[in-house]
Structure formats: C-alpha cells, structure tokens
Amino acid sequence: MALPKFLNELNPGFKYEVAEKPGGGHIKSCFACGVCTGGCPVAEIDDRYDPRKIIRMIMLGMKERVLSSDFIWLCSLCNTCSFICPQDVRFSEAMEVLREMAVKEGFVDPSFPKTLKSIESFIQTVRDKMVTSAVEKRKEESKVTPKEMLKEIVEKS
Ligand code: SF4
Ligand code: SF4
C-alpha cells in the first residue's frame, strides 16, 4: 500500500540540519509546552502563526512545508519566546537559521531578506518617532518627568 503523500515528504534529518547550525542547537529540547506561543506578539494578532507548531513541524521533518511557508517571515525576531522558554530553546535564533536555509535552498528570492530588513528598519523608525512624540506631548501636558513617562509607555506596551 502506498504511503500518504504527506509521509513521503517527511525528512527525518531536518531537525539535525537545523540543530547543527549556530542558533539552532537548542531546538531539540522543546517539550511543546506552548509558553512561547502564549507570549508571542505575532501569534496574538495572527492565529495561523504558532511557534510551538513550527517547532513540531521541524521535529517531524516537514522541511519543505516549513521552508516554503510565509510564516517564517512573519516573526519579528523580538526574542520574547527566547526569554520565556523554560527549556532555553531560543526559537528566535532558530528562526534565523530557517530563513537562511530558505534562501540558501532557493525557497525565496535571495533579495527578499534585504527587502524585509529595510521594511523592519522603517517600521522601527516610525515606532521611535511615535514614542518620542508621545513623550513630548505628555511633557507639555504634565509635570511628569520623561523617565516616568517612558516607564508608563513600556508598562502599557
Ligand atoms: S516555550 Fe520553549 S519548550 Fe515550550 S513550546 Fe516554546 S520552545 Fe518549546
Ligand atoms: S521572536 Fe518571533 S516567534 Fe518569538 S515571540 Fe517574537 S515574534 Fe514570536
């Protein structure tokens, strides 16, 4: 009996390929608790995005599906998942490994990461301007010190 197409596509060596690259070494320690997904800001706004699920897909050997998917480019590399992971999996570092592999193996155009980086840098500039402008506005409206205002903004974000 022929195996389902899905099983034929599995590559059991994928997790080892990821693990041997700098940054991917901790991936096999994941015990699928889902804490990373619970704290991920991208997962909060897009329920298709799930770090725990991506790790499971790596462990199962779903190489083509992972490297050809758009979700490896949705991660903002904010590192939240790495800070809160009880197993020190450092998923954000593994995500960079996946991106490099996707480029190297021809799943995306080599110019794409550069384009993404300039978009991210633009977004960061806008974010900085918004924070500066909010601080300036509050400074004019109250006698709260800039330090106290920044603390307030960080607590609210
Ligand atoms: S928090 Fe860490 S151990 Fe838990 S699912 Fe995420 S990567 Fe795996
Ligand atoms: S680094 Fe990526 S996966 Fe981790 S919390 Fe941030 S957006 Fe989510």
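1. Starting with ligand 1: α3 (35-39) and α5 each put at least two residues into the shell around this ligand. Helices here are DSSP runs of H or I with at least four residues, strands are E runs of at least two, and both are numbered from the N terminus. The largest share of the ligand 1 shell comes from α5, with 3 residues. The shell holds 15 residues, and the closest are C30, C33, C36, C85 and V89. A residue gets into a shell if its C-beta atom, placed from the backbone, lies within 6 Å of the molecule.

2. A word on what you are looking at. This is a predicted model, where local features need pLDDT of at least 70, side-chain atom pairs count only at pLDDT 80 or more, and totals for chains, interfaces and linings use all residues. Residues are numbered from 1 along each chain as its sequence is written, while chains are lettered from A and ligands numbered from 1 in the order in which they are written.

3. What sort of residues make up the ligand 1 shell? They split into 12 nonpolar, 2 polar and 1 charged. For that sorting, Ala, Val, Leu, Ile, Met, Phe, Trp, Tyr, Cys and Pro are nonpolar, Asp, Glu, Lys and Arg are charged, and the others, Gly among them, are polar.

4. Now ligand 2. Its shell has 14 residues, with C40, C75, C78, C81 and S92 the closest. The elements giving two or more residues to this shell are α4 (41-45), α7 (80-84) and α8 (91-104). Of these, α8 gives the most, with 3 residues.

5. On the overall build, the protein chain has 10 helices and 0 strands. Of its 157 residues, 19% count as buried. Buried is used for 20 or more other C-beta atoms within 10 Å of a residue's own, exposed for 12 or fewer, and partly exposed for anything in between, with C-beta atoms placed from the backbone. Among contacts between residues at least 6 apart in sequence, 58% join residues at least 24 apart. A contact, or touch, is a pair of C-beta atoms, placed from the backbone, within 7 Å.

6. The largest nonpolar core has 21 residues, and I27, I58, F91 and A94 touch the most other members. Such a core is a set of buried Ala, Val, Leu, Ile, Met, Phe, Trp, Tyr and Cys residues joined through C-beta atoms within 7 Å. At least two residues of this core come from each of α2 (14-19), α5 (51-60) and α8, and α8 gives the most, with 5 residues. As for I58, leaving aside residues up to four places away in sequence, it touches F14, K15, V18, I27 and V66.

7. An α-helix has 3.6 residues a turn, so residues three or four places apart point the same way. The length checks out: at 1.5 Å a residue, the 14 residues of α8 should span 20 Å, and the end C-alpha atoms are 20 Å apart, which agrees. The expected span is 1.5 Å times one less than the number of residues. Just after α8, G106 takes a positive phi of about 80°.

8. Two residues other than glycine also have positive phi. N79, in the loop between α6 (63-68) and α7, has phi near 75°, and R90, in the loop between α7 and α8, has phi of about 55°. Are these two buried or exposed? N79 counts as exposed because 12 other C-beta atoms lie within 10 Å, whereas R90 counts as buried because 20 do.

9. Two loop residues are worth a click. D50 lies in the loop between α4 and α5 and is partly exposed, with 18 other C-beta atoms within 10 Å. D50 touches T37 and A43, not counting residues up to four places away in sequence. D50 and T37 are 13 residues apart in sequence, yet 5.6 Å apart in space, C-alpha to C-alpha. E9 sits in the loop between α1 (5-8) and α2 and is partly exposed, with 13 C-beta neighbours inside 10 Å. E9 and M62 are 53 residues apart in sequence and 7.0 Å apart in space, again C-alpha to C-alpha.

How values were computed: Two residues are in contact if their C-beta atoms, placed from the backbone, lie within 7 Å.
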